[in-house]
Structure formats: C-alpha cells, structure tokens
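Let's walk through this structure together, one neighbourhood at a time. Keep the 3D view open as you read.

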Amino acid sequence: MKTQSWMSRQFFSFFMTWGIFLPYWTGWLIHIKGMTVTQASLIMSLGLAIRGLATLFAFPYLSGKFSSRILLNGMSAGTLIAILCYIPADSFASLLLVTLLLHFFYPALMPALDSAAGILVQNKQLKDYGKSRSWGSIGFVVSGMILTFFTGGFGDEAIFWALLLGMLVVLFLGFMNTPAVLSQKPKPGQTKGAIRKLFSIRHFGLVLIIVILLQAAHASYYNYGYIYLQEIQAPKYLIGAIINIGVIAEILFFFIADRTFRKFSIGSLLALAALGSTARWILVFAFPHVIVFSISQMLHAFSFAMAHYAFMKYLIRYVPHEQVPITQGVYSALALSWSTALFTIFGGYLYEMEPRFAFIGMVVCTIPAALLAFIYRRLEGKKEAETRNLAV
C-alpha cells in the first residue's frame, strides 16, 4: 500500500463531509429546523466550545492510550451516531444537545488526520504533505458541487442526508488497510506534562497566537457566508460554486506548496497569510456584490491554506514526534474551535446590525496577526543568522 495514496484518500473522504457541514450546517439549522440566526449562532458557538474541550483534553488523552487507527475509527462511529440523533431533534434544547455531541467526535477527526500525516512525514513514509492535503480540498469542492445540485432540486433537506451518507463512507474506508506505524500503540506516559513541554519549544506561543488570530478571522465566513450570498442576491444554484472558489484556490496552493514555498521562512508565510486575509475581508465589506465576493474567495489560499501550511511546517520542523498529537489538539482547540466560537458570536452580533459588518469585523484579528508575524519573522531571521555564525 502506498502511504501517499492512503493519506490522500483519508483527507479526501473526510473533507467531502466537511464541505457539507462547514458552509451549510448553520443554514440547515435555520431553514429546516426553524432556528433564528441568533439561535443557530449560539448552537454552533457552544458546539465549537465543546470541540475545543474535546481536542485540547480528550483527543490528546486518548492519543496516549490508543493507536491513530483506533482513534480515527472510533471518532467516525461516534460522529455517525450523533448525526442520526438529529432526526428526532426539533427544539432548541434538543438541537443544542445533539450539536454538542457531534462536536465532541466530528471535528476531532481533523487533528487526528493531521497528526497521522505529521507522524508519517517525520517517519519519512509521507513525502509530500501538501499534495495529500490538496486531496482534502478537492473532496471539499466535489461535495459542494454535488450538494448544490441536490439542494437546487430537493431543497436544504438534502444537506442532512448528504452528511449522513458521507460519514458512512468515511467509516467504511477507516476499516481498510492503515500504515503500520499508525496502528502502533503509544508508549505509556508520553502525554504527561505534554502541554507544558510544548510551550517550552522556542517561539511556540508566538506562532500559536498568530494562527489563532488568522483562523478566528474565518468565523463570519464559515457561519454566515452561505446566508450572506443569499442576502446579496446570489443565484441559489451558484452559491455552492462560489463557496468552492475558495477551496479551489486552497487546492492549488497545497498542490504547489511543498515545491514553491519550500524556501520561504515560516514567518514570511504567516505574514503573507495575514495580509491576504485582511485584504479579503475588506473587499467583502467594501463591495457587497456577488462578483467581488467571488474574487475575494481566491484569497482563501492565503487566509486559510497558507496559515495552516505554515503551522504544519513549524510542527514538522520543531515539534518532537511524541508531542505531535497534543500540538494538533492545542491548535484545533484554540485556533479552530474556541477562537472561532468567540468570533462567531461577535460576527453574529455584527451581522444582525448589518451583514457586511460581520466580515470587516474580522480585521480585529488579521491586523494584529500581521504585526506579530513580522515580529516572528525578524526573530526567526536572527536565529538563522546565529546558527550560521556558529557554523562558521
């Protein structure tokens, strides 16, 4: 079995489901389950809070007890059960409860997959992380294209059934052959004091703050992009295609990243990501038009893909093998969950005032991120200069 193909397949299958859940689930709660924008925002925000707890504490703890293969299959099964629980749920309380259960299992698959990829790269079994990750983005696009067809014909009810079917596929693929290194049980006690050790790594705290800010800046887009496109009169049959422009840009970035940006410093990548993200939200705010929104989607290659790639590059270069799962847990909890939850509430408040405000409000994250990225770039340059001088 080729490890590169296995990793690509896992990313592809998971992100097919993520391409359904991320952009459409808030809209599904509103249009099918009858929630208001405020109620749906609260449900998704609290779900993100649980996601943070799960990925920061439960995922690293379980990573110290079980192999990556068992974790991936167990979380897939838990996700499938949670999705089925949505069928009888029809009140705010029941939908909140089911969403909390879903967020305990489902989003943890993302750090689990990235942890697996990081371990495979460090063991020299995965040559090109970016190429495999690009297949995840392709899966995101494919699911969006298919879902656009079905929502156009059958309405938003199709969102739920597409997610259910997608998770059945993920669970089925999870029981197929897995690289041997991912089936190995972890050594006892390897997660003890892991978070404290993690923050002792040079500049880890600074890099983490930067990626937290950059990922939090997507809160309004993830939760309100779908309904905002309806607000600015985007044809419903084109909404999925417009959302996927960003993912296509992401695919192209990941496909060329290892080759094109190999010599770029981590600090330079983070700075470019912050500048691209700032430009993206300014465009959406200043020009409330479908065409401009579509053009701004290309900056997703900077705002998300480049930021994520920079963090993975830092992880592979500086984080020891045994600390990879806890690193992914911290990143997922703080950058992809709690910060996004906080700014989802902030964005929802702004959206109720004026939809465009929800997007320009995200520059409160991107501008500080840019300043910190330039500081890290300078520190990184000094370290490299010191290393060269010692070598001489």
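A polar contact here is a pair of N or O atoms within 3.5 Å, where within protein one must be able to donate a hydrogen and the other to accept it. Keep in mind as well that this is a predicted model.

With that in hand, let's start at Asn223, which is placed in helix 10. The side chain of Asn223 reaches the backbone oxygen of Ala219 at 3.0 Å. A polar contact of 3.0 Å also joins the side chains of Asn223 and Thr344. Is Asn223 buried or exposed? Its relative accessible area is 8%, so Asn223 is buried, the cut-off for that being under 20%. Leaving out residues up to four places away in sequence, Asn223 touches Thr26, Met44 and Thr344.

Helix 10 and helix 15 (residues 324–353) pack with their axes 7 Å apart, at an angle of about 30°. Because angles under 35 degrees count as roughly parallel, helix 10 is roughly parallel to helix 15. On the helix 10 side the meeting residues are Ala219, Ser220, Asn223, Tyr224, Ile227, Tyr228 and Glu231. They face Thr340, Phe343, Thr344, Gly347, Gly348 and Tyr351 in helix 15.

Now compare a second pair of helices. Helix 6 (residues 129–154) and helix 11 (residues 236–260) have their axes 8 Å apart and pack at an angle of about 170°. How do these two run relative to each other, parallel or antiparallel? Since an angle over 145 degrees counts as roughly antiparallel, helix 6 and helix 11 are roughly antiparallel to each other. The residues of helix 6 that take part include Tyr129, Arg133, Phe140 and Thr148, and among those they meet in helix 11 are Lys236, Asn244, Phe254 and Asp258.

A search of the whole structure finds 35 aromatic pairs. One of these is formed by Trp25 and Tyr86, an edge-to-face pair with 5.2 Å from centre to centre and 80° between the planes. Trp25 lies in helix 1 (residues 3–31), while Tyr86 lies in the loop between helix 3 (68–85) and helix 4 (92–105), so the pair ties together parts that are 61 residues apart in sequence. Both Trp25 and Tyr86 are buried. A tilted pair comes from Tyr228 and Phe293, because their ring centres are 6.0 Å apart and their planes lie at 40°. This pair also links distant parts of the chain, with Tyr228 in helix 10 (residues 219–231) and Phe293 in helix 13 (residues 290–296), 65 residues apart. Tyr228 and Phe293 are each buried.

Ring pairs can also join up. Phe11, Phe14, Phe15, Trp18, Phe21, Trp25, Trp28, Tyr86, Tyr106, Tyr129, Phe160 and Trp161 are linked by ring pairs into a cluster. Over the face of Phe11 lies Arg133, at 5.9 Å from the ring centre. Elsewhere, the charged end of Arg356 sits over the ring of Phe285, 5.0 Å from its centre.

Most residues other than glycine have a negative phi. His203, however, has a positive phi near 65°, and Gln233 has a positive phi near 70°. His203 is found in the loop between helix 8 (194–198) and helix 9 (204–216), and at 24% relative accessibility His203 counts as partly exposed. Gln233 sits in the loop between helix 10 and helix 11, and with a relative accessible area of 65% Gln233 is exposed.

Finally, which residues does Ile266 contact beyond its neighbours within four places in sequence? Ile266, found in helix 12 (residues 266–286), is in contact with Ala310, Lys313, Tyr314, Arg317, Tyr318, Tyr376 and Glu380. Ile266 and Glu380 are 114 residues apart in sequence and 8.2 Å apart in space, C-alpha to C-alpha. With a relative accessible area of 0%, Ile266 is buried. Val363, in helix 17 (residues 363–391), also counts as buried, at 15% relative accessibility. Not counting residues up to four places away in sequence, Val363 touches Thr278, Trp281, Ile282 and Pro368.

Note on methods. Residues are numbered from 1 along each chain as its sequence is written. Side-chain values use heavy atoms; hydrogens and water are left out. Rings of Phe, Tyr and Trp (its six-membered ring) pair if their centres lie within 6.5 Å; planes under 30 degrees apart count as stacked, over 60 as edge-to-face and the rest as tilted. Helices (H or I, at least four residues) and strands (E, at least two) are DSSP runs, numbered from the N terminus. Buried means under 20% relative accessible area, exposed over 50%, partly exposed in between (1.4 Å probe, protein chains only). A charge sits over a ring if NZ of Lys or CZ of Arg is within 6 Å of the ring centre and within 35 degrees of the ring normal. Contact means heavy atoms within 4.5 Å. Axes are lines fitted to C-alpha atoms, for helices over the stretch in contact, and angles run from 0 to 180 degrees between N-to-C directions. Angles under 35 degrees count as roughly parallel, over 145 as roughly antiparallel, 65 to 115 as roughly perpendicular and the rest as oblique.
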